[in-house]
Amino acid sequence: MKILGMISGTSHDGIDVALVDFARDGDVLTGRVLHTASTPYPGELRARLVAALPPAPVTLAEVCVLDTLIGQCFAEAAAAAAEQAGPADLIVSHGQTVFHWVEGAHARGTLQIGQPAWIAERTGAPVLSDVRIRDITAGGHGAPLVSVLDDLLLGGLLSDGPTGGTGGTGSIGGAAALNLGGIANMTVVRDGGLSAYDIGPANALVDAVVAGRGLNPRGYDEDGRIAASGHVDERLLDVLLDEPYYRLAAPKSTGKELFHLAYVEAAIARAGREPSGPDLVATLTELTVRTVAADVAAAGVDVLVVSGGGCRNPVIMDGLRAALPGVRVSLSDELGAPADDKEAIAFALIGWLTAHGLPGTVPGGTGAKAARVLGTLTPGAGPLVLPAPLPTPPRSLVLRR
């Protein structure tokens, strides 16, 4: 079954797509990655989206307009993928998160926009969307949903030992998958089970400062060059590390509702500092390194598999390796999931699970009371026809190009 996974993450810079052809053989699910691509948002649309995100006030009229424009962008990205790699049997659109409602330790709601009917109309394929909310209704955080992919990939790594993809020898006590998008999230897998949660900002605060201060017209710290040219302000870093979110117990989730430019400006005021642009970026980058490394060390894992845009930042990656000398740090490419495309592949997997009547969550990954089948289906050009339900989920996933 060919499924196209689509997502624009918390960096809200564009749409990542992955077309995966899934086939099951007993307990093993094989996914052949046929096509991946990334489509940037048009500059005017991205600026309009950024202007509408928290803590900015926004009208329902603007939400309606953005829902349509983003849906049309997703539709064009899906059509381009079909033209290059062939049609999909099902399209999964995560859409664009614009608000993730969290109170204390509980997620109350979540909103992703990008009207799926535009995708169905443009491609003729059925579309699965609104994939997070069902987990929240079951008491979960609706995040990180990529943990269902991590469970299948890392579970195989544990059973095979380090030679099953990391190239080492000896036993593995535990493995973790780290995604460095706008927000850093981590999935920890051991023989005894799985846990996953959002750690805190990865690129979100750096991107906000780079864009807000005009440090790079592309809106991010390309190759970590700005951070590398600055110095860490330890006083400001101490203020940032005092954030109560870091002390919450997992499972937990967060987003740009908390970590945004005004948050950084408030921290600067409390610290009584006026750092230069490079020093501020260096400090925020070190914040990512410190918070991630602390949680990885506390998890006591032997292997850390990294994906997301932050894995292309050598300042972050070198910082993590220096802070975690006993941990084997590698990219998710070694497990068949390209680091830049892993989340799109994860949503393709969720589509396969939903199509077969199987849960798309692991309760330990989101904190839900039980696993749930995810998403809402929009029919394509013809009748909605799903495969026969399967009684049990696969136990492992093998990805191939």
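Buried means under 20% relative accessible area, exposed means over 50%, and partly exposed covers what lies in between. By that rule Trp 101, at 40% relative accessibility, is partly exposed. The structure is a predicted model.

**Surface patch**

- Trp 101 belongs to strand S4, which spans residues 90–103.
- Together with Phe 99 and Leu 111, Trp 101 makes a nonpolar surface patch of about 280 Å².

**Helix H9**

- Helix H9 covers residues 261–271, and its buried residues are Tyr 263, Val 264, Ala 267, Ile 268 and Ala 271. These residues sit on the same side of H9, because they cover an arc of only 140° around the axis.
- Ala 269 and Arg 270 are exposed and lie on the face of H9 turned away from the buried side.
- The packing partners of the buried H9 residues are helix H6 (204–212), helix H8 (234–241) and helix H10 (277–299).

**Buried residues**

- Thr 187 is in strand S8, residues 183–190. Its relative accessible area is 0%, so Thr 187 is buried.
- A polar contact of 2.7 Å links the side chains of Thr 187 and Asp 150.
- Leaving aside residues up to four places away in sequence, Thr 187 touches Ser 147, Asp 150, Leu 154, Ala 175, Ala 176, Ala 177, Leu 194, Ser 195 and Ala 196.
- Thr 254 is in the loop between H8 and H9. With a relative accessible area of 11%, Thr 254 is also buried.
- Residues up to four places away in sequence aside, the contacts of Thr 254 are His 100, Ile 183, Asp 198, Gly 200, Tyr 245 and Phe 259.
- Gly 319 is part of helix H11, residues 314–323. Gly 319 has a relative accessible area of 19% and counts as buried, because the cut-off is under 20%.
- Gly 319 touches Val 289 and Pro 314, not counting residues up to four places away in sequence.
- The C-alpha atoms of Gly 319 and Glu 286 are 7.8 Å apart in space, while the two residues are 33 residues apart in sequence.

**Backbone geometry**

- Most peptide bonds are trans, and most residues other than glycine have a negative phi. The following points depart from that pattern.
- Pro 54 and Pro 55 are joined by a cis peptide bond with omega of about 10°. Pro 55 is in the loop between helix H1 (43–52) and helix H2 (60–85).
- A cis peptide bond also runs from Ala 250 to Pro 251, with omega near 0°. Pro 251 is in the loop between H8 and H9.
- Asp 130 is not a glycine, yet its phi is positive, at about 55°. Asp 130 lies in the loop between strand S6 (127–129) and helix H4 (133–137), and at 33% relative accessibility it is partly exposed.
- Asp 223, likewise a residue other than glycine, has a positive phi near 60°. The loop between H6 and helix H7 (225–229) holds Asp 223, which is partly exposed with a relative accessible area of 43%.

**Salt bridges**

- The count comes to 14 salt bridges.
- Glu 103 and Arg 108 form one, with their closest N and O atoms 3.5 Å apart. Glu 103 is partly exposed, at 40% relative accessible area, and Arg 108 is partly exposed, at 45%.
- Asp 233 and Arg 273 meet through their side chains in a salt bridge of 3.2 Å, N to O. Asp 233 is in the loop between H7 and H8 and Arg 273 is in the loop between H9 and H10, so this pair ties together parts that are 40 residues apart in sequence. Asp 233 is buried, with a relative accessible area of 14%, whereas Arg 273 is partly exposed at 36%.
- Asp 340 and Arg 312 form a side-chain salt bridge of 3.2 Å, N to O. Asp 340 is in the loop between strand S11 (328–331) and helix H12 (342–355), and Arg 312 is in the loop between strand S10 (303–307) and H11, so the pair ties together parts that are 28 residues apart in sequence. Asp 340 is partly exposed at 42% relative accessibility, and Arg 312 is partly exposed at 38%.

Key: Residues numbered from 1 in each chain as written. Predicted model: local features only at pLDDT ≥ 70, side-chain atom pairs only at ≥ 80, totals over all residues. Heavy atoms only, no water. Patch = residues over 30% accessible without salt bridge, like charges linked within 9 Å, V, L, I, M, F, W, Y side chains within 5 Å. Areas by Shrake-Rupley, 256 points an atom, 1.4 Å probe, with all protein chains shown as cover. Salt bridge = Lys/Arg side-chain N within 4 Å of Asp/Glu carboxyl O. Helix = DSSP H or I, 4+ residues; strand = E, 2+ residues; numbered from the N terminus. Buried < 20%, exposed > 50% of the residue type's maximum accessible area, 1.4 Å probe, protein only. Arc of directions from axis to C-beta. Contact = heavy atoms within 4.5 Å. Polar contact = N/O pair within 3.5 Å; in protein donor to acceptor, adjacent residues only side chain to side chain.
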